[in-house]
Amino acid sequence: SVRTTGLHAEIMASNAMTIADGGSMIVRENTALELVCPAGTNEGEITVRDGGDLDLNMAGNFVNNHVLNTYGESVMYVDGFTNNGDHLMSGHFYGDHNNGASGSVQLTDNTILTGDLNNDGSVSAQAGTLIILGDINNNGDLSGDIGSGLRGETNTLNVSGSFSAGPDSSL
């Protein structure tokens, strides 16, 4: 257990970090948590509340295999990210989002993804707009309001980068 009364906490490790099955990590409102380690895995549940800031400062990849909740105006920074579980998503996501074949992304509010979306699973933007500032590579299912945020159009697919669809994709 790590608790801090300040606005920022940092956890450093020389080996990869894992949130174990049945374990949890919560980043509370208006606080920031930075994890500094080679790589990380979530087998439990991570929640970043409205106004929370999670910085996954890792040389390698962070893999979500269970539940990741990013609510409201939360912020998440990550260089390498793979989702093989459930990601309830809103706020700002800085980095590429690789959604694996078993991955499910469900928007709970408006979301800005500054990197690329590589989707082999399911992405549903039914409760908010997903704004993607990078490229979309879709081999899975995309549904709902997905756009680039660069045009004022609604109910259309607008991509500021490139869009590629695999043979098994649906839109």
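User: In which sense do β3 and strand β6 pair?

Analyst: The model is predicted, so local features need pLDDT of at least 70 and side-chain atom pairs count only at pLDDT 80 or more, while totals for chains, interfaces and linings use all residues. Residues are numbered from 1 along each chain as its sequence is written, and side-chain values use heavy atoms, with hydrogens and water left out. β3 (residues 24–27) and β6 (residues 45–48) pair in the parallel sense over four bridges. Strands are DSSP runs (E, at least two residues), numbered from the N terminus, and two of them pair if DSSP finds at least two bridges between them.

User: Which residue of β6 stands opposite S24?

Analyst: E45 stands opposite S24.

User: Is T47 buried or exposed?

Analyst: T47, in strand β6, is buried, with a relative accessible area of 12%. The T47 side chain makes a polar contact with the side chain of N69 at 3.2 Å. A polar contact is a pair of N or O atoms within 3.5 Å; within protein, one must be able to donate a hydrogen and the other to accept it, and residues adjacent in sequence count only if both atoms are side-chain atoms.

User: Turning to G51, where is it found?

Analyst: G51 is in the loop between β6 and β7 (53–58), and is partly exposed at 27% relative accessible area.

Definitions and conventions. Buried < 20%, exposed > 50% of the residue type's maximum accessible area, 1.4 Å probe, protein only.
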